[in-house]
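Good morning, and thank you for coming.

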Amino acid sequence: MRTYILQRFLQMIIVMVVVMLVSFIIVELPPGDFLTTLREQLTDQNVDPKVIDSTVEMYRARYGLGENWFIRFGKWAWSLMKGDMGYSMQHNRPASELMGERLSLTIWISIATLIFMFVVSVPIGMLSAIKQYSAWDHSFTFLALLGVSVPSFITALVFLLLSVTLLGATTVAGLFSPEYVTAEWSWAKFVDMLKHVWIILFIVGLGDTASTIRVMRARMLDTLGEPYIDTARMKGLSGAKIYFRHALRVAINPIISSIGLRFPQIISGSTIVAIVLTLPLIGPLLLEALLGEDVYLACSILVVLTLALVIGNFLADLALAWLDPRIRFES
Amino acid sequence: MNTAPDSDKVLEIRDLQISFSSIAGTTRAVNGVSLDVRSGEIVGLVGESGCGKSVTIRSIVGLVPSPPALFEAGEIWLRTRRGMTETLSLHKNMKALRQIRGRDVSMIFQEPMRSVHPMMTIGKQITEGILEHEVVDPAEAYERTVEMLDLVGLPNPAAQMNRYAHELSGGMRQRALIALALVCHPQLLLADEPTTALDVTIQAQILELIRDLRERMSMSVLLITHNMGVVANLADRISVMYLGKIMETGTVEEIFKEPAHPYTQGLLASMPSLFSQPKTHLQSLRGVVPELAMVPKGCVFADRCPYVMPKCDETPPVVELRADHSAACWLYADGGETQGSEVAETAMPALSDEGARADPLQPVDVAPLSSSEPTSEGALGRPSENDVAQLQIENVALHYPILRGLLRRQVGTVRAVDGVDLTIRRGETLGLVGESGCGKTSVGRLVARLVEPTAGRIRFGADGGLEEITHISQKEMKRVRRAMGMVFQDPLSSLNARMNIRNIVGEPLMLHQVARGRAVDDRVGELLEMVGLRAAHQSRFPHAFSGGQRQRIAIARALATEPSFLVADEPVSALDVSVQAQILNLLLTLQQRLNLSMLFIAHDIAVVRHVSDRIAVMYLGKIVELGEAREICVRPVHPYTEALLASIPLPMPGLETLREMPKGDLPDPANPPTGCRFHTRCPYSQPICEEEEPPLRHIAGDADHFGACHFQDELYLEGVEEIGEIQGSAAAKAGGK
Ligand SMILES: Nc1ncnc2c1ncn2[C@@H]1O[C@H](COP(=O)(O)OP(=O)(O)O)[C@@H](O)[C@H]1O
Ligand code: SF4
Ligand code: SF4
Ligand SMILES: [Mg+2]
């Protein structure tokens, strides 16, 4: 067990280092010197030459520009770890300022979407399998198929349309009602967000929920056909005990192990929805950065998202090991 | 109707009819089965796969999902703690059914590997059953579970409580499952092929355990199997089932001594037993079990029955031949007018008069596979006079590294083959036998150079003298392979599903540029006819064929380049008895006709004995005994050979062996015992056995018989008597009755 955790942990570190290296190479790739560009930009904006000099000097020191590449990488990585995300050329602001709230909102929404997905799809998938070929099963199989095949931005547009035409709403888009958008965080703002967020969870999570329903149903059917379920039945156990105690823990395994992989899907899914619904998430910022060749910003976002991803994966691995003795004993 | 049976019966099934509905239509899987089990009795339900055995016993406890099943008629009476209960009517009453399951009747299944929950400890799984049915505190349930694990013979039962399925071997899992089934003391145990997935030695242990527990727990057992040998030693009565109907029911003695129904006779004759005449055709049943939709009207066995007559278009009556012996066959019914023992008495001799055909012990010619096949006389394919070696392997070893961890470090070595010498003469069949995991397949793969030997020397004579092939290049090996065919256990996975038969069988021809274009078609057609298939089937795909037919295709492919040598790795283990007999017959015929030499690998020593001239017994990577096939079975010199022989269930009731069974499981091949590798399981082990490894050497006074036991010249081991003797003893038994 301990070696298993250690192994996974090491894997996590290795993935992180590789992603950072790649990001670093991308950062370094564009022709032209970052400092020259920076100086030009600041000059264009008629900034005081003294301030320009000191700013440029500060970045030179911080990123070890002009030094050996691995020193540069080390300094870059170190500053990232300290939370300094670099400087956005496009916005003329430190990247961390830009990312700040968007990042935490994105992570919260992703986690909420994951939970939403689980809470909705696991019971539905399970019940569909238990009541195979029932009306319940048929309707959810159909709905799930629909959910998988309709792209989320279409769902988002349909929602927009419906709420505007049917409800006469003016504020479906966005995460907050207009009066709260710029307001400080408060209880009222939080409540306001909750009112809006479920639509987003629904739209972003729909595709994943639908596909998870399908996976869950198939896995549950497979598991219920396993001989050890017959063994459990022959003990005289009730249906509930067989389904929850014996079948669920086996059937849910691949869903848990796929959590780590779902995270990037949710981010990319939410990006499209965020663009349609103008939500302050990180996805659109990343897209913008990529389009505008804003390398520091783009790479910082990538690194942070990767970090979230590997941590998610690591947690999923821990959960799996806790669930499944075969994994625990493997090493 | 609807009256409870007498109290002496634990189970009575009356006229059960079950159909399955699907888009393709409705098929009746169980068609009027009647069956009973009395107190303390072990009843065997025997028949080929797909005959409805599992559906029948699973319906007793409501384990047949409905839909798609339709229970059309019948009653199932079960003795429960509340008296006789009709369980078929309880199928909708889950609560009542649950109270019966595990408490009044329990079940064990075919695949112990998959029947234990993979994520729950053994202890928890068993106590769960107790707590479901009885009001006991957990501590007591724990105690009882440990006791039960001890009773089923698991070593160190308290430690087993916290173990998981993957930590137990197949045999141990089946023991744990038996403990689980019996922990609430049910009166009836249903066992669905409980030993089919296990090795022969482990099978023998589990059968012994069931027999023992029946006494100790005073319960009854209904045992399903397709292996006549299994029930011979275990059951008191047998019902033979075919295509949803009971063909014959009787006491075990009657069924084996005087099998009445042609299907029973066929099943018995299909089994290569340790008494059959080696290298002769088995009298196999014709054809295969038809699809349920294609079942003949009238007698369902009509299309395979050698005695079929016009009357068989009508459903035959169940004829009481004696008290406790009945058969559903027109041979015994006098036009349905008079029934009963008189008819039976007169009919029986009539059947026996047909002579050899009806006697399962007599070798008989089989129905020809194709018209061109020569009929054989006497033993086939003896090694040819010119005693030339075709294959010689010397001190060959194959070691697999065990890799672990992120960096795939080598943490150990599995010595799959560890210094083996063998010679196969031209025209000879050498049988290689041993439990699974002992290295048989590895030897086969080494010989065909599918793996690189770790050490040793392999020489093979393609057409002329022996040439060294140990390390020759793949290109040179291609030339050698032309003279070397291979057949594997699982015919489906060894045939490319996306290729049609013409390309599968013709591939070697094109690869070796033996033929091309039209010539391939012709040759493939020839090959298919040679193995008993139709030449016209060339364009079909493997999925269109049954298991036995696929194995025929695999054989045709192996023989395409007219090799002189064939490696057959468990070619019949995955097949039903009647098909197994057909394939063995085919191999024997082809071997004689093409003068093949053969390395025949199998875990069943009876099968190996039947086709081999000589037998090599393998244990944990070493040959422990080598000699002439019959000699080895009659006078084994190595205790492991004796154990293998003792483990084969004999299709002769009453002839159970009194020899000691090998204890425990096969040790971990990565960490074999010191000294004699068999000492951990050997009943004759002495202190020296743990220290010194006995070499393979001559038996005193026999230059062709080798053994690797320290005491081979002193021990008196028991083999299996020869045919003459066995008939004598069977007659003596009959006289004694
Ligand atoms: N759930 C099911 N749905 C449809 N057909 C089934 C089902 N279970 C069994 N059958 C059919 O019933 C027949 C008898 O099967 P089975 O009882 O498993 O035979 P056996 O145990 O003798 O090998 C087979 O033809 C099989 O295909
Ligand atoms: S009834 Fe006819 S076909 Fe059926 S087993 Fe008897 S003789 Fe053969
Ligand atoms: S050498 Fe000893 S342990 Fe090995 S088989 Fe002979 S008696 Fe048994
Ligand atoms: Mg079965």
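What you see is a predicted model. Please look at helix α13 of chain B, residues 440-447, which lies across the strands β15, β18, β19, β20 and β21 of chain B. Its direction makes about 150° with that of β20(B). For orientation, β15 covers residues 429-433, β19 covers 565-569 and β20 covers 597-602.

These strands belong to an open sheet of 8 strands in chain B, with the order β18-β19-β20-β15-β21-β22-β24-β23 and mixed pairing. At its edges stand β18, residues 484-487, and β23, residues 697-699, each of which pairs on one side only. From one strand to the next, the twist averages 25°. Within this sheet, β21 (residues 614-619) and β22 (residues 622-628) of chain B are joined in the antiparallel sense by 6 bridges. In that pair, B:Tyr619 is found opposite B:Lys622 of β22(B).

Let me turn to another sheet of chain B. Here 4 strands form an open, antiparallel sheet, in the order β2-β1-β4-β5. Why do β2 and β5 of chain B each have one side without a neighbour in the sheet? The reason is that β2 (25-38) and β5 (83-86) stand at the edges, so each has a single partner strand. Neighbouring strands in this sheet are turned against each other by 10° on average, with direction ignored. Helix α1 of chain B, residues 53-60, packs on the sheet and touches β1, β2 and β4 (69-80) of chain B, at about 115° to the direction of β1(B). Strand β1 of chain B, residues 9-22, runs antiparallel to β2(B), and 11 bridges join the two. Across this pairing, B:Glu12 faces B:Asp36 in β2(B).

I come now to the ligands. Which residues surround ligand 2? They are B:His261, B:Pro262, B:Cys299, B:Phe301, B:Ala302, B:Cys305, B:Tyr307, B:Cys312, B:Pro316, B:Cys329, B:Trp330 and B:Leu331. By class, this shell holds 11 nonpolar residues, 1 polar residue and no charged ones.

Around ligand 3, the shell includes the cysteines B:Cys676, B:Cys682, B:Cys689 and B:Cys709, and the histidines B:His638, B:His679 and B:His710. B:Pro639, B:Tyr684, B:Pro694 and B:Phe711 also belong to it. The shell of ligand 3 divides into 8 nonpolar and 3 polar residues, with no charged residue.

Finally, the domains. The domain assignment divides chain B into domain 1 (9-226), domain 2 (258-358) and domain 3 (634-736). The C-alpha centres of domain 1 and domain 3 of chain B are separated by 33 Å. Contact between them involves 9 residues of domain 1 and 11 residues of domain 3 of chain B. Together these two domains bury about 790 Å² between them, with 58% of it on carbon and sulfur atoms. On the domain 1 side, B:Val200, B:Thr201 and B:Gln205 lose the most area to domain 3, and together account for 49% of what that side buries.

In chain A, the assignment gives domain 1 (2-95) and domain 2 (103-330). Their C-alpha centres lie 33 Å apart. At this boundary, 25 residues of domain 1 of chain A are in contact with 21 residues of domain 2 of chain A. The area buried between these two domains of chain A is about 2100 Å², and carbon and sulfur atoms give 75% of it.

Thank you for your attention.

Notes:
Residues numbered from 1 in each chain as written. Chains lettered and ligands numbered in written order. Predicted model: local features only at pLDDT ≥ 70, side-chain atom pairs only at ≥ 80, totals over all residues. Heavy atoms only, no water. Pairing = 2+ DSSP bridges. Axes fitted to C-alpha atoms, helices over the stretch in contact; angles between N-to-C directions. Contact = heavy atoms within 4.5 Å. Near = heavy atom within 4 Å. Nonpolar A, V, L, I, M, F, W, Y, C, P; charged D, E, K, R; others polar. Domains from an automatic or database assignment. Buried area = accessible area lost by both parts, 1.4 Å probe.
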